[in-house]
Amino acid sequence: MSVEYSVSPDGKKFTLPRPEEYKKEFNRIKKEVEKQRKLDREIVVVMGVGFVGVAMAAVIADTADKKGNPSKFVIGMQRPSLRSFWKIPVLNRGISPVVSEDKELEPMIRRCVLDKKTLMATYVYDVLCLADVVVVDIQCDYQKEALGNVRDGQADMSPLEESLGIMAEHISPDALILIETTVAPGTTEQIAYPIIKKAFSRRGIKSEPLLAHSFERVMPGKNYVASIRDFWRVCSGINRKAKDKVVKFLNEVINTKDYPLTVLDKPIESETAKIIENSYRATILAFLDEWSLFSERNGVDLLKVINAIKVRPTHSNIIFPGPGIGGYCLPKDGGLGVWAYKHIHGFEDDIFKVTPLAININDTRSLHVAQLVRDALRNMSRPIAAADVLVLGASYREDVGDTRYSGSELVVRRLTEMGAELRVHDPYLAHWWEFEKQDTYPQKGHSLARFFRNQEKLRNLKMETGLDKAFRGADAVIFAVRHKQYLDLDPDGVVKMIGNTAAIVDCFGILDDLKIRRYFELGCEVKGLGRGHVRRIKDEVRREEMKK
Ligand SMILES: NC(=O)c1ccc[n+]([C@@H]2O[C@H](COP(=O)([O-])OP(=O)(O)OC[C@H]3O[C@@H](n4cnc5c(N)ncnc54)[C@H](O)[C@@H]3O)[C@@H](O)[C@H]2O)c1
């Protein structure tokens, strides 16, 4: 029999559990739970220890009662897939499976796993029968069939439906199921409830399932833990008892004293709140795409314009859109809403205009970066198809190692299609699985490679580990992410590391005017998303050179 491994991002191999190991694993956890019950601790199972689940599990495990004693015991339940099994042994060693800038996460996980012993992880679904509360943090994706057309796609409900089915077979009738997954509005009442109610009937359980919904607003990065624990929450329950239970639970585990809970009447309201919240954000980013092009073509520095507008308190959340709007949530959440209207609620008409348009604009914004690189190189008489291009930053936002739907991925794919040779540096990443495992990552058939030509060689794309080597001989450098390591790079040092002049493309307002000027003085070409004023700086520098 061949042995199957799950490989962690730092390359360690973990053997998948064999069928005979499941029973032993369950007995190990059951024994621990018996001990924990004697300590009067509530048993919480967190389903899915991904980005959200792992931090939520730690926050719950760190909960103390009024006397300061731990009041919850948390079991992180993770399916033993090739992609995710490694998270279980890693977590059980007291190590966070998520790399984050947050200084609180690692010590919190270590403390809860190794010292307080209030957190452990497992792969056996049977532990669900031990839970007082089940927190659902598994993914609900939206699969797009075309690039730049979110309507052409559907919600991928299968992992959620599958796990609800499993929960329904195992949980005690009194257990609260708290769905934190961002779902298509209507899911808790129209999908989760029937699945669990039917299973309860089969099991001879007469009582109503206790289902609740409360979405996460977690932000990976410096305030990762605080964005879960010290932040406002919205929740709702499917019936009175579920509502009371979810309010009690969240009051115990989250800092609701400083960040009061909002309790809505129905789960569909809480679910809709999440979708609108992220569609709103996607929309204010998307609408700046056209102004970004306007700025580039008319000598306007969008960065300065945005900073000028921001001072007005009513407009303080206007933000400069980088090279594509990535992350797990903004590209998909509006799609879940549009899909739900038709497929859960059965409406035929088409009421959605702004939300899908915003997502479509955001999904294709990064393609323009490739054009800027091409144009900058053309100005230097270097063809894109013969160019070595360095991308600085693979993550979707600054100071995290999260590459999901990052603008940089599409930049790499488009430039590869155009014939360029790509190299990538990101201080937070040793591997970029979207390329290295593009046949199976994020899932078979889901890679964005399917929207581009000539992507095969990207399987060999290795992350650069040192900046010196990454820069050496590059024809073009793309500042793609505002990682703090890139903000202070000075032009003289960069050109020295490159060993030549190069095309410098700023996607995120990283270069100030002095740096842009210096790059021109050093003989480089500079372009930037939304930064039309670079042309003016170039002309000034060239005029000064003529005078000399
Ligand atoms: N990542 C964010 O910043 C963020 C922010 C707010 C909300 N959310 C929402 O939170 C939810 C979870 O997101 P995430 O980023 O943690 O996703 P993720 O993919 O990192 O984690 C999901 C985890 O669930 C596991 N899983 C899947 N099916 C399972 C099953 N049947 N049993 C047990 N485990 C299973 C997966 O293996 C994975 O580890 C999503 O709905 C997302 O939209 C995410």
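Q: What makes helix H1 a helix that lies across strand E3, E4 and E5?
A: Helix H1 (residues 21-38) lies across strand E3 (42-47), E4 and E5, running at about 155° to E5. The call rests on contact, meaning heavy atoms within 4.5 Å. The angle is taken between N-to-C directions on a scale from 0 to 180 degrees, with axes fitted to C-alpha atoms, for helices over the stretch in contact. As for the names, helices (H or I, at least four residues) and strands (E, at least two) are DSSP runs, numbered from the N terminus.

Q: What kind of model is this?
A: It's a predicted model, where local features need pLDDT of at least 70 and side-chain atom pairs count only at pLDDT 80 or more, while totals for chains, interfaces and linings use all residues. Residues are numbered from 1 along each chain as its sequence is written, and side-chain values use heavy atoms, leaving out hydrogens and water.

Q: How do you know that E4 and E5 pair?
A: Two strands pair if DSSP finds at least two bridges between them. Strand E4 (residues 72-77) is joined to E5 by four bridges, so the pair qualifies. The two run parallel, and isoleucine 75 stands opposite methionine 120 in E5.

Q: Why are E5 and E12 called edges?
A: Eight strands form an open, mixed sheet in the order E5-E4-E3-E6-E9-E10-E11-E12. Strand E5 (119-122) and strand E12 (262-263) have a single partner strand each, so one side of each is left without a neighbour in the sheet.

Q: Which strands does helix H6 lie across?
A: Helix H6 (residues 187-202) lies across strand E9 (176-179) and strand E10 (210-213), running at about 155° to E10.

Q: What makes the sheet with E13 and E14 parallel?
A: Its six strands, ordered E15-E14-E13-E16-E17-E18, have parallel pairing. Its edge strands are strand E15 (463-464) and strand E18 (525-528), pairing on one side only. Inside that order, strand E13 (residues 388-392) and strand E14 (residues 421-425) share five bridges in the parallel sense. Leucine 390 has arginine 423 as its bridge partner in E14.

Q: What makes aspartate 399 stand out, and where does it lie?
A: Aspartate 399 has a positive phi of about 60° although it is not a glycine. Its place is the loop between E13 and helix H14 (407-417).
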